[in-house]
Amino acid sequence: MTDAPTNQRLETGAEDDTVWVQEVAFIDSVPRSIAMTFVFVVFIGTWDLVTRLGLVSPIILPTPWETFSDMIFVGNNLLSGGYMLVALWITVKEVIYGFALAIAIGFSLGVLVGETAFGEKAVMPYLVAIDTMPKVAFAPLFVAWLGFGIESKVALAAFIATFPIVVGTAAGLHSADENARMLFKTMGASRMQTLIKMKLPTGLPQIFTGLKIGAVGVMAGAITGEFLGGGKGFGELIRVAASQLNTPRVFSLILYLSLVGLVLYLIVQWTQRRVVFWQKESVGAHDH
Amino acid sequence: MNASLAHENSGASPDAPVYELTNVSKTYARNAVVALEDVNLTLRHGSFTSVIGSSGCGKSTLLKIMAGLIPPTKGRVILQDKPVTGPRRDIGMMFQQATLFPWKTAVENIVLPIEIRDGKAAAKLAREKAHDLLDIVGLKGFENVYPNELSGGMAQRASICRMLITEPAVLLLDEPFSALDELSRDMMNMELQRICREQDATAFLVTHSIQEAVILSDEIVVMKPRPGRIAEIVHVDLPRPRTLDMMTTPRFGEIVDHIRGMLDKGENM
Ligand SMILES: Nc1ncnc2c1ncn2[C@@H]1O[C@H](COP(=O)(O)OP(=O)(O)O)[C@@H](O)[C@H]1O
Ligand SMILES: [Mg+2]
């Protein structure tokens, strides 16, 4: 704080201008819960208005209320263990297997690329080349190799999620600074000790960033796999509902599916908070 | 704790040479920079030596060679009668950054050198000693605090403890306090002097500050750049122990002026 206001007070003799009132714009002072509710209401209101005025055909865009009632129907089916729950479980399995596979492969390749000169020189260029390809284009290939079952979906999901994990791990290993490396050298640390006790912990924030991007990708991979390769998962339900022009159903299925993605993301984030406990929150830190 | 434990088997008498550098030269192959040329230097047991010189004149390079972190292109480095061919446990090092690891508490950071060299069990046994060291540097009560909660000065104190935990015979310090404000810096320097005396350690300090060099050192190595060479070794005859008020004495001023004169001549000295 500058002492300008104090000087001013001495000159004018006024006593009441020493208390600073920090001005916060109204839009920044709205509590989160109210702000979120507000956006939700505006969104639903606009949606309702658009359908009410008949601006869009009901086949393309159902009303919010049709969608809600369908969500209740789907929710009932899921809770009562109906065919939708069976389908959801298949998709969840694909996601879990795909993510586990992506973590195992992505982490190993990430260490190879981030820690060894061989990996950086000989493996990384190929990874970059494959990463620039549109990965969903490989879906038919996976179906041809692995069939219409869950395997081809797991493969596509893992394929998509692997790259961010490789990149996150490699970047994490590179993030250790010169001082830390030198310090470990002075302590006579072996390469393995340096990797495990210094480089990996230092890189955990980046590794988790990779995992979060991977968690989003693995969902996309599993559903794309189901769209393109059939099977009995949730994606198949969406595809069927869409082909029947049952748009409320498509909407509600997508919403439930996004719940699965959200849960996966939150699990990764929760794990990150526990494991990387020293990392300061940076995302969404806009509190006053 | 046993302050002189580090030297029980070194059999060093007070004036015995600890470090001996003969014709040490370093040319970085990457860019063909001649960082050091024919450096000859002897550090005596228990002495405090500072290196001063313009930025880029090879001070850090010299320190890294002495620490066994990089090999010299030419010449020999002998420490306690054995050639230095790699990092050694009788060498303690400290850098400008404290570099504490945020996932370890203060004590865990301090026993890290033991954990690396002797394993987890030994590190656990060394915890008690880490507590003693924290006490010595005035960080009692901060044993289980994570580095995020330490100020810059406190972090450097903790890193002093980490350097001392292996009871090194020599301390190599590369501008250890230059990131601190002047007040804490003076305090840390006095503390460093006390620790060196208590631990009976031989110290070698790289610094940018002439005052710091004069108040701490028995000898000051003045270097000149391109290629890095020793221009002069200045002997500081102020009595020990040094105190901060010695900075106002005429003798202190004379030595400072002499060194400043040397450095101002730059390449022509
Ligand atoms: N790893 C390195 N590779 C190539 N040149 C280096 C390297 N480290 C230092 N140098 C060069 O060697 C010279 C001395 O550097 P340094 O020892 O860091 O000087 P100081 O610590 O005195 O500032 C500088 O010219 C610097 O650019
Ligand atoms: Mg330097």
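**Entry 1: E167(B)**

I began with E167(B), which sits in the loop of chain B between α6 (152-164) and β7 (170-174). The model is predicted, so I kept its rules in view: local features need pLDDT of at least 70, side-chain atom pairs count only at pLDDT 80 or more, and totals for chains, interfaces and linings use all residues. Residues are numbered from 1 along each chain as its sequence is written, chains are lettered from A and ligands numbered from 1 in the order in which they are written, and side-chain values use heavy atoms, with hydrogens and water left out.

Is E167(B) buried or exposed? E167(B) is buried, because its relative accessible area is 18% and buried means under 20% (exposed is over 50%, partly exposed is in between, with a 1.4 Å probe and protein chains only). I then looked for a partner and found K129(B), whose side chain makes a polar contact with that of E167(B) at 3.1 Å. A polar contact here is a pair of N or O atoms within 3.5 Å; within protein, one must be able to donate a hydrogen and the other to accept it, and residues adjacent in sequence count only if both atoms are side-chain atoms.

**Entry 2: where chains A and B meet**

Next I turned to the interface. I find 18 residues of chain A in contact with 19 residues of chain B, contact being heavy atoms within 4.5 Å. The buried area between the two chains is about 1900 Å², and carbon and sulfur atoms give 69% of that. Buried area is the accessible area (1.4 Å probe) that two parts lose on being put together, summed over both.

How many residue pairs are in polar contact between chain A and chain B? I note 7, with both residues at pLDDT 80 or more. On the side of chain A that touches chain B, α9 (178-186) and α10 (191-229) each supply at least two residues. α9(A) gives the most to that side, with 7 residues. I sorted the residues of this side of chain A into 10 nonpolar, 5 polar and 3 charged. In that sorting, Ala, Val, Leu, Ile, Met, Phe, Trp, Tyr, Cys and Pro are nonpolar, Asp, Glu, Lys and Arg are charged, and the others, Gly among them, are polar.

**Entry 3: salt bridges**

I counted 21 salt bridges over all chains, taking a side-chain nitrogen of Lys or Arg within 4 Å of a carboxyl oxygen of Asp or Glu. Across the interface of chain A and chain B there is 1, and it joins the side chains of E115(B) and K197(A) at 2.6 Å, N to O.

D70(A) counts as buried at 10% relative accessibility, and R249(A) is buried at 13%.

Back in chain B, E115(B) also forms a salt bridge with K104(B), with the closest N and O atoms 3.4 Å apart. E115(B) lies in helix α3 (residues 112-118) and K104(B) in the loop between β6 (91-94) and α2 (106-110) of chain B, so the pair ties together parts 11 residues apart in sequence. Both E115(B) and K104(B) are buried.

I also checked R127(B) and E108(B), which meet in a salt bridge at 3.6 Å, N to O. R127(B) is in helix α5 (residues 127-136) and E108(B) in helix α2 of chain B, so the pair links parts 19 residues apart in sequence. R127(B) is partly exposed at 28% relative accessibility, and E108(B) is partly exposed at 25%.

**Entry 4: ligand 1**

Which residues surround ligand 1? Among them I noted Y28(B), R30(B), N31(B), K59(B), S60(B) and T61(B), using a heavy atom within 4 Å as the cut-off. A polar side-chain atom of R30(B) lies 2.9 Å from a nitrogen atom of ligand 1, and one of N31(B) lies 3.1 Å from a nitrogen atom of the ligand. For S60(B), a side-chain N or O atom is 2.7 Å from an oxygen atom of ligand 1.

Methods. Helix = DSSP H or I, 4+ residues; strand = E, 2+ residues; numbered from the N terminus.
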